[in-house]
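This briefing is for a reader opening the structure for the first time. Keep the view at hand and follow the topics in order.

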Amino acid sequence: MSLTRSAPPAASPEPAQRRAAKSAPKQRNWLHRFDNKRVPYLLISPFFLLFAIFGLFPIVFNGIVALRNWRLDDPTLTGWAGLANFEKLIHDEAFWNALGNTFGIFILATVPQLLIALMVANLLNRKLRGNTWWRVGVLLPYVTPVAASTLVFAVFFARDNGMANWLLSLVGFGQDTPLDWRAYKWSSWIAIATMVNWKWIGYNALLYLSAMQSIPKDVYEAAAVDGAGPWRQLWRITVPMIQPVLIFTVVLSTIGGLQLFNEPMLFEENPAAASGGSNGQWQTIAQLIYKVGWKDLNLGYAAAMSWALFVIILIVAALNALATNRLGGGRR
Amino acid sequence: MERFAKRGVALVAAGLAGSLVLAGCSGQDLEGGGSDNASQGQITLKVNFWGDMGLDKLKTQYEKDNPNVKIVLNSGEYNAQHEDLQKKLVAGTGAPDISAVDEGFIVQFRGQSDKFVNLLDKGASSYEAKYLPWKWQQSLSTDKKTQIGLGTDVGGLAMCYRSDLFKAAGLPTDRESVSKLWTTWDDFINVGKQYVDKTGKKFVDSGTNMFNPVLAQQPQGFYDESEQLQMDAGPKVAFDVAMKTIDAGLSANLASFQPNWDQGFKKDQFAVLACPAWMLGHIQTTAPNQKGKWDIATIPGGGGNWGGSWWTIPKQGKNADEAYKFVEWMVQPAQQIEVFKTVGNLPSQPALYKDPAVLEYKKEFMSNAPTGQIFASTAEGLKPQYLGKKNGPTRVAVENVITRVQQGSLKSNAAWPEAVKAAQKAATS
């Protein structure tokens, strides 16, 4: 260190300056232009490079695979399949069943999740004792690894000796024949939606809370003077004013909900089957893609399904964003 | 506002910390392996398998005898390990030097024999005569030109039963008398009815665990050798036994290897369990305090096999020769007997069934049952059953139909057409 510091500081800049002075106008101009026009792009390029590698490439590659025959159990069957995989998709009962399940669970999970998150955020926005404690508390389910929490829920919703059935028996249901949560569509959907809700309510509540805290207090005071109760304040002031965050959470939970995989997978009694219950009661599309790809070993068909899911998510997310925009007064 | 902004930052920070924790917990991928450490002239062999295959002692010994070789044992979950292997084969990189493959997955991998080292090229053909013929065939590619694995263990098939629960139900308890109770599956169901009447408890764990052993005993499984689905032969027989069992109210309706099932052991929810040799280890770890309460009788309907594994060498590894040397060493009689004694896995080379070390071995946990003798006799007498390409998915599909009957969402007399439909769908998927 001391060596480099003791190097003569005056000697080196001088020739450089002189050299710079010669071609100064041209080079400085160039540097300036480069700094202005190119550097910003350079600085944001890492994201786009990473996206190209981990986002764009898989999507495009997936699209190519979707148009090909690719079976792991039959290496001889290769080549272009055209739209055959997509055609098969349209006539595949399992796909439509999975689509229905995905939307069913999605609605059961998303609507209560966001509504409850809104209520929780509204509560947390008040002056509470142990403020931070509560806020960290609602985030805890989000921090828990999904595998761990889902395994706990799998036991919670067990047929024999499950806590859910114990609670039901307290209010007089199913004392003789305990409910088999995995046997029916409705019960399995509720079970899975519960896991999703449990995990994401706190996360969304915190997002809402941070948005709520940027709303000026005088708006509420004015509303209170005009006689608006807490309920009315929530819907007429809070919700419109946190609308951007609202749209953000709706889009995010749409994407998450339609890609639901971990919860249904771990809810399975035999995860190796990936069949979403004995009759596909709760098989989601993501789970079906996994089954087709890694159990039936039909990668081409699985890729076609992934693409279909991608398009469905785009459409639904756009629709939801639009609807939410309307809900909040819709200026944009 | 400033105060709130600070809070916001704190909240975001908490969120970030949360997601970091999450990433830390979920991102446990076991990468790497298969790299030879040239600077020390050392070769590292990564071996993937599941559960306990009794390799710990063997590893130490082999490393002592071959100082230039380092063995890395990587035990994982059964399904995850097979899936991981499949993904690495597709990716073309990252597979272990040696991977165990189970009977449930061998068909899938022998169909991709070009991705494995052909052990015949390494001189494995000299072992063909030493193996049970069907064991040798099952890991052979369709054109019979590529052998992807050397067999390590076979399951065999017997019936484990709880002698204490049998006693309480007024049934005989020693293995000879119990074996005599059930020569056919109908006898077995009758015994079950007696048990259920007497105790009010369930007799078997699930209908699928009746279906699978009965199917294994049939001359033909789901598919014939030209890959055609044949539901009316073997599968129908096995399905009927499963339906009879469920209708008689013998089944506790527990899915195998799941938390409920493990609890079922501890809560005496079933009294018998169709068990291959490797199941003994599972019983022992699940219900360690039931030592001496379990015993082993013969299974109704003759011999059969359930499970058993092979050692395979994925082609992408750099140390195929060293890997083969280790695999070859592991399947030698001395090592196979060592494994049998440690974890109970039954060797797949019939010569060993005559070995006194196997014949005279008594499993203390299972009331000192002569497990070597019992399982060897069932595996040796077995007729080979062809496992079709779609065997795995088809089995899952039919098992699901049986589960639906157990869940009460399907009547047993309407179940067979559903099973055929499900199997056909799996066959064409």
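A nonpolar core is a set of buried Ala, Val, Leu, Ile, Met, Phe, Trp, Tyr and Cys residues joined through C-beta atoms within 7 Å. A residue is buried if 20 or more other C-beta atoms lie within 10 Å of its own. The model discussed here is predicted. Its largest nonpolar core has 104 residues.

**Nonpolar cores**

- Which members of the largest core touch the most other members? They are B:Ala158, B:Met159, B:Cys160, B:Ala242, B:Val272 and B:Val327.
- This core draws on both domain 1 and domain 2 of chain B, with at least three residues from each.

**The three-strand sheet of chain B**

- Three strands of chain B form an open sheet in the order E6-E5-E7. The pairing is antiparallel.
- The edge strands are E6 and E7 (294–297) of chain B, and each pairs on one side only.
- On average, neighbouring strands of this sheet are turned by 30 degrees against each other, direction ignored.
- Strand E5 (residues 158–162) of chain B pairs with E6(B) over four bridges, in the antiparallel sense.
- Strand E6 (residues 272–275) of chain B is covered on both faces. B:Val272 and B:Ala274 are buried on one side, and B:Leu273 and B:Cys275 are buried on the other.

**The six-strand sheet of chain B**

- Six strands of chain B make an open sheet in the order E2-E1-E3-E8-E4-E9, with mixed pairing.
- Strand E2 (69–76) and strand E9 (346–347) of chain B are the edge strands. Each pairs on one side only.
- Strand E1 (residues 43–50) and strand E3 (residues 98–102) of chain B pair in the parallel sense, over two bridges.
- B:Val47 has B:Ile98 in E3(B) as its bridge partner.
- Helix H3 (residues 78–91) of chain B packs on this sheet and touches E1, E2 and E3 of chain B. The direction of H3 makes about 130 degrees with that of E1(B).

**Domains of chain B**

- Chain B is assigned domain 1 (38–154 + 307–354) and domain 2 (158–304 + 368–428).
- The C-alpha centres of these two domains of chain B lie 29 Å apart.

**One buried position: B:Ala419**

- B:Ala419 lies in helix H18 (residues 415–428) of chain B.
- Is B:Ala419 buried or exposed? B:Ala419 counts as buried because 25 C-beta neighbours lie inside 10 Å.
- B:Ala419 touches B:Phe239, B:Val398 and B:Val401, not counting residues up to four places away in sequence.
- B:Ala419 and B:Ser141 are 278 residues apart in sequence, and their C-alpha atoms are 29 Å apart in space.

**Domains of chain A**

- Chain A is divided into domain 1 (13–66) and domain 2 (88–327).
- The C-alpha centres of the two domains of chain A lie 41 Å apart.
- Four residues of domain 1 of chain A are in contact with six residues of domain 2 of chain A.
- The domain 1 side of that contact in chain A holds two nonpolar, two polar and no charged residues.

**Where chain A meets chain B**

- The contact takes 34 residues from chain A and 33 residues from chain B.
- Helices H6 (131–143), H7 (146–156), H9 (185–212) and H14 (285–295) of chain A each supply at least two residues of the chain A side.
- H6(A) gives the most to that side, with five residues.
- The chain A side divides into 18 nonpolar, eight polar and eight charged residues.

Notes:
Residues numbered from 1 in each chain as written. Chains lettered and ligands numbered in written order. Predicted model: local features only at pLDDT ≥ 70, side-chain atom pairs only at ≥ 80, totals over all residues. Pairing = 2+ DSSP bridges. Contact = placed C-beta atoms within 7 Å. Axes fitted to C-alpha atoms, helices over the stretch in contact; angles between N-to-C directions. Buried ≥ 20, exposed ≤ 12 C-beta atoms within 10 Å, placed from the backbone. Domains from an automatic or database assignment. Nonpolar A, V, L, I, M, F, W, Y, C, P; charged D, E, K, R; others polar.
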